[in-house]
Amino acid sequence: MRLTSLGHAAVLVETGTERILFDPWLTQRLDRFWEHHPPLPDELVARVLDEGVDYVVLSHHHFDHHHFPSLLRLVDGADVDFDDSPRRSSGVTCIYPAGPVPPKLTASGLGHQAIAWTLRRFGFERLHPVTPGDTVTLGGATLRTFPSAVSFPEMSVLVQTDDAAVMLCGDALLHEDTVAAFRRDDAPRLDAVFVPAHSMSPPGVLTERRQVTDPDGARARALANFDRYVDAIPATVTVPSSFGWRISGDGERDYSWCNRTIFPLSPVQALRRLDELGRDGLLWGPGQVIEVADGKAVPADGPVGPGAYDFDEVYAEVTLDPDTQVPPFDASLDKYGRQTRAGEELLREVLDRLVATDYWYRALDDGAGRHVVSLYEDDGSETSFLLDPVTDRVTRLGAGPARGHVTGAEGWTEMAASTLEAMLDADLLFGSSFALWASDGVLLSAVFHHPSFYTRHVDRTLREASGP
């Protein structure tokens, strides 16, 4: 078995019979806010995928695993119509998690239910949904799936052939069913396991621009999660994985402070932990190859050589440093785009789009959900408004930031009017925008994870792929 990294959680597995691509994110930038780190050159992707793929496995529906532009690269010609019927289909079989979970409009990426619809829009016809826990038999390999301890269908995947066994855990949170499976007397022997090392971010850093207050606690929680994974799933080699990105705005604003405040466990630190635990481990980056044979998993020659990356240097940029100062939010600087509509008109649309979201239903049931929003406008003024989903009103409160107008249990959000307008026009993905506002509530999350925005991003990706 031969495995090639394409950064983050994207891995090409060659079994000798099949070419299986896991969680393809195949562009350098995910959106305007996140990018591959180490970099993922486009020519590397083209070289690795030159022979095509037979299967695409999606561990879950989040955008860095179910990435629209990357999926379209795998469709021959990406020549699809703007309805549900593609003009040209792909021979690739897509395997993805499904399950009897009610739709959650505020879940990142809309929800797992949208995977099949999206794949068909992009031209894929061979769809194979699985319930995590199922086993899928391919020509020369078996895929055994394991559930994740989250509220939506997500899976880790064990790839087994006659002479190799490798488990890719993606972003999955360790589930008790997985722990139990590897405690059985007939548990599979693993040559390599790829364990998530993206860790757990300290709360409030991006959303409220709060300084990291308990760095030791954040490190301890991240390390405990990693240790539990390592203890539960023994393998000849453990690879800290699903950590191949950094925050990097596509404008002039410097967001490097983010990378030193939200990652309490880097792959380098995870590798040192493996050494402390007496477990063999290794790190790899885009273009590097691991070959599995005869019970061993070792680096091998590939598009990028085994010693090409200085991982200490690479991951120094994304290592928690409690001395790094979190700059206060400034809507005049932390903004995107240009304002063409009045602030009150933008907020009226926000309140209209809130209808039928989870947030709206809870507000009506509880008689609550009032939220103060301040908008910094392009003319230099800043005004706060009260949004009340129960009475369906937008009320002007006065000048100044939202936090200065909160009087009780209201939530608050501060942002630039131009940023809000860009989001309403679907020029920004929600996940791109965490550092472009400060908030203690989920009102905007409810609005911008609405299905209407999901479908608009799908349509936009299709238009861009088809050219002028």
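Begin by selecting the charged side chains of this predicted model: the chain carries 70 negative and 41 positive ones. How far apart do the centres of the two sets lie? The separation between these centres is 2 Å.

Next, display the surface of the whole chain. Its accessible area amounts to about 19,300 Å², and carbon and sulfur atoms account for 47% of that area.

Along the principal axes, the trace spans about 70 × 55 × 40 Å. The radius of gyration is 23 Å, and because a compact globule of 468 residues would have a value near 23 Å, the chain agrees with that expectation.

Of the 468 residues, 56% are buried. In soluble globular proteins, nonpolar side chains tend to be buried together. Select the largest nonpolar core, which has 84 residues. Which of its members touch the most other members? They are Leu6, Leu49, Leu119, Phe124, Leu420 and Phe448.

Centre the view on Leu119. Leaving aside residues up to four places away in sequence, Leu119 touches Leu58, Leu71, Cys94, Tyr96, Phe124 and Leu127.

Finally, select Leu3, Val11, Phe22 and Val157. These residues are among the 29 that form another core, apart from the largest one.

Conventions:
Residues are numbered from 1 along each chain as its sequence is written. This is a predicted model: local features need pLDDT of at least 70, side-chain atom pairs count only at pLDDT 80 or more; totals for chains, interfaces and linings use all residues. Side-chain values use heavy atoms; hydrogens and water are left out. A nonpolar core is a set of buried Ala, Val, Leu, Ile, Met, Phe, Trp, Tyr and Cys residues joined through side-chain atoms within 4.5 Å. Buried means under 20% relative accessible area, exposed over 50%, partly exposed in between (1.4 Å probe, protein chains only). Contact means heavy atoms within 4.5 Å. The radius of gyration is taken over C-alpha atoms; the globule rule is 2.2 Å times the number of residues to the power 0.38. Accessible areas come from the Shrake-Rupley method with a 1.4 Å probe; for residues, only the protein chains shown count as cover. Lys and Arg count as positive and Asp and Glu as negative; His and the chain ends are not counted. The place of a charge is taken as NZ of Lys, CZ of Arg, CG of Asp or CD of Glu.
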